[in-house]
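Thank you all for coming; I would like to walk you through a few local features of one protein model, and please have the picture in view as I speak.

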Amino acid sequence: MTDTSVDPPRTPRRSAGTGEAARPAARPSRRPGRRTDDVNATATAADAAARSDAGPSGTDLHLDLSAAGSRRSALMAALREAIRSGRLAPGTRLPPYRTLAADLGIARNTAADAYAELVAEGWLTARQGSGTAVAERAEPAAANRARRSSRPSRPAHDLRQGQPDAAAFPRTAWLAAGRRALTAAPNEAFGPGDPQGRRELREVLADYLARARGVRTDPDRIVVCSGFAHALRLLFDGPRAVLPARSTGPLAVEGYGLGFHRGLLAAAGVTAVPLPLDEHGARVGALAHHRGVRTALLTPAHQFPTGGPLHAGRRAAVVDWARGRGGLVLEDDYDGEFRYDRQPVGAVQGLDPERVVYLGTASKSLSPALRLGWMVLPDHLVDRVLAAKGEREGWVSALEQLTLAEFIDSGGYDRHVRRMRRRYRDRRDRLVDALAERAPHIEVTGIAAGLHAVLRLAPGTERSVLKAAAYRGLALDGLADFRHPLLAPEAMPAVDGLVVGYATPPDHAYPAALEALCAILPPPL
């Protein structure tokens, strides 16, 4: 949290015989052609800036004084090297010479003279009230510049799925909740941390999930994690995995999903069996034909990425299948709060809390930067998940947990979700209207919920459209990237399409992003 306290004003020291002002004059330079009074004037300027009370005076600075020669020469060489290499970037403020001298175990005059020399040479700048800093003209090494320039540039327009509008994060409300949470936090909250998560957060989550998502649980059956990927790793990966592949067998997944999740499961040795999809979601009846499968991972509220909820009959059928097999359903409720055309679809977990593992996060509702998620577990899995997580919380900040607990309990989370639901629904409507006007031949699906839509394209056109988008600086996802490689064409024919994330751009950039999208869509056949 940001400390907004203000130190009381200090009374400037005016005596030339006390404090920093009592520094002896700089020693004359031995460099030929250098006037002593110039050295003293430069050193005085550097010293005056260094002793200013306007800013922090305890900056740590690591320097290696291993160079041969005097201590002043070694210090100057170390500072030059740090600036050349980019370790001290232009504008970096240096510690006062007295602090640096004490840290390095050298004489104060030595540090002061080194600062003065480097100011005169142009490596450093010194201004009254601003301290001593690295000069703006000093540039890092070419290798560092090349490394920075090799990073991929940001697209002109970003319509990729999976991210909320970062500009809409409720900073003021979150900060206020954090202040209240810190004020009320018990001292033990600043200890190592309970791997199950803060009790305060688990209690408000149990109430919220019951009210908003129809989840049946209590705080003792919730385990806080750092997100959906972390939950998958706890369940499937590592020596303490709760559902290791060697004992639980293959995992059924939806035929379309995130490649990142497929890769994570593959790295854990899990064999994924893809289920075909239709307009009613995953065809869970196919589970009966896979005798070795006892666990299924689904997105019932809003299939990712094709859209649409799992049909009510199939929701009941997959729970019956889990009961009959003695297995589990893993429910990924990644954006369940964002349904626009009717009330949100409740969680499958409410049908049988002992056969469904409910997985949720704050990544879509608030921000993925928070790294906050939760698992609502059957009673018999709680201890096993905690054993997999370890004896101490090593993933999720207790302070963030306390802040989220306060944010939910105070009603701030509900207000934020309602506000974002209206904003994203407006974004969706503007996308649909733009397509109806500019490309009425393009079918739009999956728009009843979530943060993205699917645009169906003519067969064989997806790749060329993505190339045109990249040429125009428009970041988009193709539908083919989400298809499971083992999903047979006869089970579910491949479809060309675009997955358009309408939540990502900030408000001011959204019209231009829609214009760029419409410009790259193919004409009707």
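Predicted model: local features only at pLDDT ≥ 70, side-chain atom pairs only at ≥ 80, totals over all residues.

Is R371 buried, partly exposed or exposed? R371 is partly exposed, because its relative accessible area is 40%, where buried means under 20%, exposed over 50% and partly exposed in between, with a 1.4 Å probe and protein chains only. Residues are numbered from 1 along each chain as its sequence is written, and side-chain values use heavy atoms, with hydrogens and water left out.

R371 sits in the loop between β11 (356-361) and β12 (373-376), these elements being DSSP runs numbered from the N terminus, helices H or I of at least four residues and strands E of at least two. Its phi is near 55 degrees, a positive value in a residue other than glycine. Most residues other than glycine have a negative phi, and most peptide bonds are trans. A cis peptide bond, with omega about 0 degrees, joins F304 and P305, and P305 belongs to the loop between β9 (295-298) and α11 (312-325).

Turning to helix packing, α2 (residues 71-84) and α4 (residues 108-121) pack at about 50 degrees with their axes 9 Å apart, the axes being lines fitted to C-alpha atoms over the stretch in contact and the angles running from 0 to 180 degrees between N-to-C directions. That makes α2 oblique to α4, since angles under 35 degrees count as roughly parallel, over 145 as roughly antiparallel, 65 to 115 as roughly perpendicular and the rest as oblique.
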